[in-house]
Amino acid sequence: TRTSGFTLSKAIACAVQFDDQHCGIYAGDGDSYKDFAEVFDPIIQEYHGISADSTHTSDMDASKISGNIDDDVPVKSTRIRVGRSIEGFGLSPGITKEQRLEMEGLMKNAFAKFEGDLAGEYFPLTGMEESVRQQLVDDHFLFMSGDKNLQAAGMERDWPEGRGIFHNDKKTFLIWVNEEDQLRIISMENGGDVKGVFERLAKGIQTVGDSVKKEAGKDFCLDEKYGYI
């Protein structure tokens, strides 16, 4: 592929190495969906139960949520998460070392612009102090290495360089940088305020997107057929 030099052999490496895979194929970048469409399309359609002419739609307008969970319903916590990728960089199985570091740099600059309830701190995995690591473990925020499937698929190359975790001061908004997804964006809080959690998620996604667009002229990867990649 043009973006990261990914190959079909790399895409299926996990399934070739292990015979216990439910799916076993990974895209190395946005190009993979087009360059390897002959292989990818039938698998995606079967996996998701969609037709060949299906298209994905995404609507992050929180104002369209008309209801919410009643206060007296015993909901312990609410968590909504999405994955996002920035165009021009490989996805986790294919991203180059240079792309991963540039991607992390864009995120650091975006995080520095977060204000209000999104404001917080970024914790890079490289050089992380033990006290910080333990706190992230205790908060159940830290992602770890060592998964055989991720290793076979190429997602743990150059570990832990270029990877990290952002969370806001209230620990209700998190972004994992360069784990399985380029960005895994998470909004959560105790209770059942689904609308409030979604509003925070949508605001955070918009803030990141605006920052990257202004600094690098790049948008999130959005495929007209498959949606956000």
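What share of the 229 residues in the protein chain is buried? Buried residues make up 44% of them, where buried means under 20% relative accessible area, exposed over 50% and partly exposed in between, with a 1.4 Å probe and protein chains only.

A word on the ground rules: this is a predicted model, in which local features need pLDDT of at least 70 and side-chain atom pairs count only at pLDDT 80 or more, while totals for chains, interfaces and linings use all residues. Residues are numbered from 1 along each chain as its sequence is written, and side-chain values use heavy atoms, leaving out hydrogens and water.

Now to the overall shape. With 229 residues, a compact globule would have a radius of gyration near 17 Å, and the 18 Å of the protein chain agrees with that; the radius is taken over C-alpha atoms, and the globule rule is 2.2 Å times the number of residues to the power 0.38.

The secondary structure comes to eight helices and seven strands, which are DSSP runs (H or I, at least four residues, for helices; E, at least two, for strands) numbered from the N terminus. Five strands form an open sheet in the order 1-5-4-3-2, with antiparallel pairing; two strands pair if DSSP finds at least two bridges between them. The edge strands, listed here, each pair on one side only.

| Edge strand | Residues |
|---|---|
| Strand 1 | 77–84 |
| Strand 2 | 120–124 |

Strand 1 pairs with strand 5 (residues 183–190) in the antiparallel sense over eight bridges. Look for Val82 there: its bridge partner in strand 5 is Ile185.
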